[in-house]
Amino acid sequence: MSEVPPVMLSAITCDRVIFDRISGMPSIINIVQIVNSVNFPLRHSELVFFCELTNGHGQTEIEIVLVDLEEDDKILFNQKKTVEFRDVRHILTLALKMQGVVFPEPGEYRFQIYANGTMLGERRIVCRKVEKPPQKDADGGVSF
């Protein structure tokens with residue numbers, strides 16, 4: 001494995017990534033920067049961490065980690081995968097689908113990406129507690 005880390009070109013959290021069958025090019029659906037919820041802990045049904053890397057050299061171990069900044073960088077999720085860069089101009093596209101990720105409380109979380117143990121960058125996601133809006137009854141009034 002090379003000691004020269006790849007360069008992170010992009011990092012995005014979203015609801016879905018669709019890859020075109022012919023070109024292989026990705027389409028990012030619904031970028032997620034802020035998650036609002038009435039209740040915590042919040043179990044997010046499905047979230048995708050998308051990133052692009054270049055300037056990689058040969059086999060590289062990639063690790064994606066979700067940390068809770070409010071809890072001293074407590075790890076909520078992590079996954080490792082070894083990838084192969086064919087040459088330094090190759091752009092590697094990763095789309096990691098995560099189901100059932102639990103955000104324990106409102107606050108700031110970070111998706112961090114590492115290559116061979118070196119942090120390449122991170123993407124912030126904020127969870128906010130919101131109040132449930134009052135329900136309107138059939139006459140247009142507000143029910144509590």
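F49 is buried, its relative accessible area being 0%; buried means under 20% relative accessible area, exposed over 50%, and partly exposed in between, with a 1.4 Å probe and protein chains only. F111 is likewise buried, with a relative accessible area of 0%. The model is predicted, and local features need pLDDT of at least 70, side-chain atom pairs count only at pLDDT 80 or more, and totals for chains, interfaces and linings use all residues. Residues are numbered from 1 along each chain as its sequence is written, and side-chain values use heavy atoms, with hydrogens and water left out.

A pair of aromatic rings is described by the distance of the centres and the angle of the planes. Here rings of Phe, Tyr and Trp (its six-membered ring) pair if their centres lie within 6.5 Å; planes under 30 degrees apart count as stacked, over 60 as edge-to-face and the rest as tilted. By this rule there are two aromatic pairs. In one of them, F49 and F111 have ring centres 5.3 Å apart and planes at 25°, so the pair is stacked. This pair links distant parts of the chain, since F49 belongs to strand β4 (residues 42-54) and F111 to strand β8 (residues 107-115), 62 residues apart. F103 and Y109 form an edge-to-face pair, with 4.9 Å from centre to centre and 70° between the planes. F103 is buried at a relative accessible area of 0%, and Y109 also counts as buried at 0% relative accessibility.

The strands named above belong to a wider pattern. Helices (H or I, at least four residues) and strands (E, at least two) are DSSP runs, numbered from the N terminus. The protein has zero helices and 11 strands, and along the sequence the pattern reads β-β-β-β-β-β-β-β-β-β-β. Its radius of gyration is 19 Å, well over the 15 Å that the globule rule gives for 144 residues, so the protein is more spread out than a compact globule. That radius is taken over C-alpha atoms, and the globule rule is 2.2 Å times the number of residues to the power 0.38. The C-alpha atoms fill a box of roughly 65 × 40 × 20 Å along the principal axes.

Of the 144 residues in the protein, 35% are buried. Among contacts with a separation of 6 or more, 66% are between residues 24 or more positions apart, where contact means heavy atoms within 4.5 Å. The accessible surface comes to about 8,900 Å², and 47% of this belongs to carbon and sulfur atoms; the areas come from the Shrake-Rupley method with a 1.4 Å probe, and for residues only the protein chains shown count as cover.

Most residues other than glycine have a negative phi, and most peptide bonds are trans. F40 and P41 are joined by a cis peptide bond with omega of about 5°, and P41 is found in the loop between β3 (34-37) and β4. D73 is not a glycine, yet has a positive phi of about 60°. D73 lies in the loop between β5 (58-68) and β6 (74-85) and counts as partly exposed at 41% relative accessibility. N116, also a residue other than glycine, has a positive phi near 50°. The loop between β8 and β9 (118-129) holds N116, which is partly exposed with a relative accessible area of 29%.
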